[in-house]
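Today I wanted to look up salt bridges and surface patches.

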Amino acid sequence: MRPILLQGHERALTQVKFSKEGDLIFSVSKDHLVCAWYSANGERFGAYKGHQGALWTVDVDPSTTLLATGAADSTMRLWEVRTGKLLKTWDYPTAVKRVEFSEDGKQLLALTEKRTGHLSNIYVYDINPDPEASQTEEPSLRITVDELPRVTVAGISCLSKYIVTGHEDGSISQWDAKTGELIHTAFSHDENQLVSDLQWSADRTYFITSSKDKTAKLHDTSSLEVLKTYVADTPLNSAAITPEPTQYVILGGGQAAMDVTTTSARQGKFEARFYHKVFEEEIGRVRGHFGPLNYVAVSPTGHCYCSGGEDGYVRVHHFDPPYFDFKFEVEREREQGLRF
Amino acid sequence: MAPSFEQLDPEDDYDGEEEIDFSDLREQYEVRMEEGLDTFIVIDGLPKVTPSQKDKLVKFLLRKLTSVGRTKEENVFMPMNEAGEESEGFAFVEYESPAQAAAAVKALHGTALDKRHTIAVNKLTDIERYGREGRIEETYNPPQIAAFEEKEHLRWWLGDAEGRDQFVMYRGDNVGVFWNESAGAPEQVVDRMHWTESFVQWSPKGTYLTSMHTQGVQLWGGPNWSRHKRFMHPGVNLVDFSPDERFITTWSHRPMEVEEGNPVLSLEEDGKNYIIWDVATAKPIRSFVTLDLPGPTQDEEGNPIKKKIQWPAFKWSSDAKYVARMTQGQGISVYELPRMNLMDKQSIKIEGVMDFEWCPAPPQRDNIREYEQLLCYWTPEMGSNPAKVGLMSIPTKNIVRTRNLFNVSDAKLHWQSESAFVCVKVDRHSKSKKTTGTNLEIFRVREKGVPVEVVDNIPNTVINFAWEPKGDRFILITAGEVTQGVAVPPKTSVSFYCPEKVKGNAVGNFKLIRTVDKKNNNAIHWSPAGRFVVVATVLNQQSFDLDFWDFDFEGERDEKDKDLTANLQLMGTADHYGVTDIDWDPSGRFVATSASVWKHRMENGYHLYNFSGTLLREEPIEAFKQWSWRPRPERLLSKEEMKNVRKNLREYSRQFEEIDQAKKSSANKAVVEERRRQLEEWLAWRERTQADLLEERRELGLPDLSEEREALVVDEAEGEKVVEEMFEEILEEHEEVVE
């Protein structure tokens, strides 16, 4: 199907997220703007204005009442989705690179950047899901990351048991989400190739990381064991897992933004790549962007996905029936075996 | 604490010198007599002279001696016999430095003073070392011959049951050799990190893989890829084999610096750029310096001009009996192997010679029975003399054929692979010195009297020309004029030629089959077996197409082509972004095209096509540098046997197809098996983690699904979700101007 082009941002997209019902898309960009769109037709639902710097990150709670955003103006803000009202602002010494709600929506994680004189910090706040209620100023947990390399991405696992972080040296770490203790570090990606994204499976029991080493890897949340590896031919910025029953992962990337002007669109490999999650084989590519893909997100319903590019566009693709019908022979064989 | 200077009592003078044992220091600082004598040389074989003649002789000698170093009259000591009447016939000379003494030995040893006296110049230390009694044994002891050591089979790869070919790939820091598979990924034979420092090269028959290092060149081979030979040449840049792999030429841009005592190289090699080696013994045979091309060495502003080197400068005859090098403008030096002596002790003088080429195969001239090799060369117009192309027979140096040419601005020599023809591509200019076109002068070497056929009326400049290997057809590419200030190179045209059909065995006149215009192509790569050819655009930023042509298409023939010995057909075209190199496998079944990081950094990797242009495989590889098929030695089958193979081709291909089929199905089976295993494993893992998660949730008293997954569940009672969409449509637009 023809993609829907969401034209509303003037600068590079940094993150795009679906609401948990899959009906809304939230997009943030370096142009200080947060936008919300209907995923079905691409109509703009609204914008959340107030940030004074480039936005890095966005997340929405499971009931689609609260929206959290993090920006280069060193603040994390909480908004009411429906009205666009700013509910709360948290100030930090450095930019906020990642925000994420826990799966029950009762906790909110913020990751701040390591900058001269300041270390990376991970804050976890207890959130009151009622938009009328006042939110806490003090984090329930604060981890100062001083011994490990710079943290680039972070997330909260199923049951809010662990916090998982990705680092600039290609390693992945697991922390106890109650005590903030470092449990385990895995050196999954090539040395000194930064981890660019970390996205959860639907039940948050496994996750995918993408890296500049041109691979994406599927990890077990509790053991950090690498389950699968997907090899691409370009540095990756993002990777997403399609919800079951489809068994795919979508990878996005392209040559670094600073090198893009020197190469043609063909060169930059600005395509979303689909891989089979289990067989690790590439299935297809979707072209369209004329800059690297900075983020790919799949709707929790599994009916569509969207990608945010360095070119300032969000492209929403609704899957056609063949996408759902495509099966490897062994998969089909198994299904038939189960039926009889 | 040791007493400091101030604390020493001046009265208390140390006077115990006698008691101290200095022997260790004395030993350490003793002047080694032999080392001190390094500046001395001994001259033998001088005429015996009377004291009155002595001064004259010394002055005469000094003139020679000072040409290589600095010495003075009082440093030449010529002893007289006991009676003092006559000199002993030798002299000692002291130079300023050991280096000068060494240079004198090198330069003056064996110099003739007059008809009767030839001097022998040696270092004094050498005389001490070897000349003393007992230093060299009086009786001859035969050298020890090492026990025979069995070497690995160097042609093992030809015994592959499936007749596959090998190729080498150099990417990143790794060099790997692979078997080419007609379907599926290549099978790795060996892969080594830092196997070479600059590039790898196969020997012409594929026996050895050559690796390049700062210290020299190494040859590898056999099933274990062990090192077979090592050729020490510091700073080596390029290497070239003789066609029979018995000799190897190494070249370094910088002249070698050889110090005395080097185990392989002698002072003979000092200051040289080229070494020609015997591969079997790994010993140098002869070394040479680079000959600079004539012309100014500095430009107008005094900057040194970088001169292109001719490579290979030493060109081998097809049987490796001779190797020749040209001194541009003067002549050709032909050396005879294996001794590397100059043939007939002198170079062949050819005034003005610009280029030469050996015939690539033993020539078969009409009515010539004796052994010969042919050299083709050309000279430009000089004064009122016309330009000339000549064919010379070696070793007789007889000129077989010459042809005079006029208004020549450049010429290129192209031999056909069986030496049946040599085509001289002549760039002509008009009287006003503006290049106007190209002529082909084709020498029919095998016919009586070597007739020359001229193909002219080629309007533009020919930028590339190639004969069909083992055939009589050729392709040329012409380019239009370069437009000044435009970055895009001019469009090119590709022209295909073949001989006309004539009765009998003769080869008819060359006729144009077809010209394809408005192309960008610049490269011609014939299949080594002939018939098929890839015409491509390489090293171009905008276009990178590959055209696969067949000269003997088996389909319908055009009416106008019925008199031609070819039926040209474009079989396929392909596109390989950024292609830099094209290489046919030795059997002519596959073509590898590659984009090397040496030329650009975009989409490095390779494509593999079959002969008709069907893409079989493509692989992008980071830092891909080089692809090279392993050459095969000449076929051992007789003509009859080859004919037999051709006759029973159908039977053979049936067998091969069966093997292919079996291989394919077993490979497919393996893939399916692997996928089945992966799927089972994955589903089992999922089941386990899901069960664990559910159990944990229930223990914590949480609902089965998390809030975020709950959001997805559509309430049954609610039924289908109704999505309302509002559309605004503009039906009409009015613009009214209000006064």
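This is a predicted model: local features need pLDDT of at least 70, side-chain atom pairs count only at pLDDT 80 or more; totals for chains, interfaces and linings use all residues.

I began with A:K106, which makes a salt bridge to B:E707, with 4.0 Å between the closest N and O atoms. This pair crosses between chains: A:K106 sits in the loop between β10 and β11 of chain A, and B:E707 in helix α8 of chain B. I noted that A:K106 is partly exposed at 42% relative accessibility, and B:E707 is partly exposed at 28%.

Next I looked up A:R204, whose side chain meets that of B:E708 in a salt bridge at 3.0 Å, N to O. Here too the pair crosses between chains, from the loop between β18 and β19 of chain A to helix α8 of chain B. Both A:R204 and B:E708 are buried.

Then I stayed within chain A. A:R273 and A:D233 form a salt bridge at 3.0 Å, N to O. They are 40 residues apart, with A:R273 in strand β24 and A:D233 in the loop between β21 and β22. A:R273 is buried at 0% relative accessible area, while A:D233 is partly exposed at 22%. Both belong to a network of salt bridges that also includes A:E271, A:E282, A:R285 and A:R287. Over all chains, I have 60 salt bridges in the count.

Last, I turned to the surface of chain B. A patch of positive charge gathers B:K470, B:R635, B:K643, B:R646 and B:K647. Of these I checked B:K643, found in helix α6 and exposed at 58%. Helix α6 also holds B:V645, which is part of a nonpolar surface patch with about 530 Å² of accessible area together. Helix α7 gives the most to that nonpolar patch, with four residues.

Note on methods:
Residues are numbered from 1 along each chain as its sequence is written. Chains are lettered from A and ligands numbered from 1 in the order in which they are written. Side-chain values use heavy atoms; hydrogens and water are left out. Patches are made of residues with over 30% relative accessible area and no salt bridge: like charges are joined within 9 Å, nonpolar side chains (Val, Leu, Ile, Met, Phe, Trp, Tyr) within 5 Å. Accessible areas come from the Shrake-Rupley method with a 1.4 Å probe; for residues, only the protein chains shown count as cover. Lys and Arg count as positive and Asp and Glu as negative; His and the chain ends are not counted. The place of a charge is taken as NZ of Lys, CZ of Arg, CG of Asp or CD of Glu. Helices (H or I, at least four residues) and strands (E, at least two) are DSSP runs, numbered from the N terminus. Buried means under 20% relative accessible area, exposed over 50%, partly exposed in between (1.4 Å probe, protein chains only).
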